[in-house]
Amino acid sequence: MHNIHISTIVGNDLPVEEQLPMIQKAGFDGFFTLYTGTGPLKAWASLAKEWKLDFETIHGPFQYANRMWEPGTAGDDYLDFLKRCIDACHLIQVDKFILHTTVGNHAPDVSQKGLSRFQKLCDYAKALGVHICFENIEPLPHLKAVMDYITDPFHGFCWDIGHNICYTPHIDMMELYGNRLMCLHIHDNRGVTQPGNIDYRDDLHLLPFDGVLDWDWFAEKLNEYHYDGPVTLEVSDQNLSEYHTMSTEAYLAIAYERGCRLRDKLYK
């Protein structure tokens, strides 16, 4: 049976160390969190063991993702920074690192220099036993370029279904990368609310079933590709008025129930 995981809650002010026991008490089997190079990962990993939670993945930083495509030392320095993030994953024995290939609707052109940097990062990560999972984001050609270039099956794809619906609803991500799927980011939204204008503000990270996403279709896609990993939510308690009146414990309890509803649609 699929385990049910969740991110530390996007936008919530509670420290990770306070969220973890709440996540476990709500019923979740595991979690992931963002790491930007400064968080106390070793302490979080220790708490995860204490609370018997699977530390599924680390979400890499993305604010400066476009630097990977830039010429000169800024891109090289950013590659070195990402390598240090990979070191941190290895240190705490988290074997999946989620990475954006760009940030925003505009990025430097796809370049051989950028592709070579991603290859170097993937080779470095593989040597340490860390899988890089490239995540779908805004509709730029960079993800496809990287996925076509990095052919080693050790690395793969993170399907963010919320991003798929509000940024690239015309693209069947599973048709492209379903055979390389390694993990999920599950959340809901209202789709593209301004046709012709892709806007990051459409990326609401609502709980499943609180937006417009067709969850039967989503489950059918996962079943088609025989996905057997965790049902992993990446949600925020900031973008729906009903969430604002809930305690964090109540929000997590509802999130877990939604995860169970999704799991019931999947092959056992």
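**Pockets, sheet and helix packing**

Reply: In this predicted model, the lining of the largest pocket comprises eleven nonpolar, 13 polar and five charged residues.

Me: How many residues line the largest pocket, and which lie nearest its centre?

Reply: The space in the largest pocket is about 650 Å³. Its lining consists of 29 residues. Those that lie nearest the centre are Val 10, Phe 62, Asp 203, His 205 and Glu 234.

Me: Which element gives the most residues to the lining of the largest pocket?

Reply: Both β2 and α6 (161-167) supply at least two residues of this lining. The element that gives the most, with three residues, is β2.

Me: How do the residues of the lining of the second largest pocket divide into nonpolar, polar and charged?

Reply: The second largest pocket holds about 200 Å³ of space. It is lined by 17 residues, and Lys 96, Met 182, Tyr 227, Gly 229 and Pro 230 lie nearest its centre. By class, the lining divides into seven nonpolar, five polar and five charged residues.

Me: Which element gives the most to the lining of the second largest pocket?

Reply: The elements that give two or more residues to the lining of the second largest pocket are β3 (54-59) and β7 (181-185). With three residues, the one that gives the most is β3.

Me: Which strands are the edge strands of the open sheet?

Reply: Eight strands form the open sheet, with parallel pairing, in the order β7-β6-β5-β4-β3-β2-β1-β8. An edge strand here pairs on one side only, and this holds for β7 and β8 (231-233).

Me: What does the twist average from one strand to the next?

Reply: The strands of the open sheet are paired in parallel. From one strand to the next, the twist averages 25°.

Me: Which residue of β4 is the bridge partner of Ile 58?

Reply: Strand β3 runs parallel to β4 (residues 96-100), and two bridges join them. For Ile 58, the bridge partner in β4 is Phe 97.

Me: Is His 5 buried or exposed?

Reply: His 5 has its place in strand β1. Among the residues that His 5 touches, leaving aside those up to four places away in sequence, are Phe 28, Phe 31, Asp 54, Glu 56, Pro 230 and Leu 233. Because its relative accessible area is 0% and the cut-off for burial is under 20%, His 5 counts as buried.

Me: At what angle does α1 run to β2?

Reply: Helix α1 covers residues 16-26, and its buried residues include Val 16, Leu 20, Met 22 and Ile 23. The buried residues of α1 pack against β1 (4-7), β2 (30-34), α2 (41-50) and α10 (248-263). Lying across β1 and β2, α1 runs to β2 at about 160°.

Me: Which residue just after α1 takes a positive phi?

Reply: Helix α1 spans residues 16-26, and Ala 26 is buried. Just after α1, a positive phi of about 120° is taken by Gly 27.

Me: What separates the C-alpha atoms of Ala 250 and Met 22?

Reply: Ala 250 is found in helix α10, and α10 is one of the elements against which the buried residues of α1 pack. Met 22 is one of those buried residues of α1. Although Ala 250 and Met 22 are 228 residues apart along the chain, their C-alpha atoms are separated by 9.7 Å.

Technical notes. Residues are numbered from 1 along each chain as its sequence is written. This is a predicted model: local features need pLDDT of at least 70, side-chain atom pairs count only at pLDDT 80 or more; totals for chains, interfaces and linings use all residues. Side-chain values use heavy atoms; hydrogens and water are left out. Buried means under 20% relative accessible area, exposed over 50%, partly exposed in between (1.4 Å probe, protein chains only). Helices (H or I, at least four residues) and strands (E, at least two) are DSSP runs, numbered from the N terminus. Contact means heavy atoms within 4.5 Å. On a 1 Å grid over the protein atoms alone, a cavity is a set of points where a 1.4 Å probe fits but cannot get out, and a pocket is an open set with protein on both sides within 12 Å along at least five of seven lines; lining residues have an atom within 4 Å of a point. Grid points are joined across faces, edges and corners, and a volume is the space filled by probe spheres set on the points. Ala, Val, Leu, Ile, Met, Phe, Trp, Tyr, Cys and Pro count as nonpolar, Asp, Glu, Lys and Arg as charged, and the others, Gly among them, as polar. Two strands pair if DSSP finds at least two bridges between them. Axes are lines fitted to C-alpha atoms, for helices over the stretch in contact, and angles run from 0 to 180 degrees between N-to-C directions.
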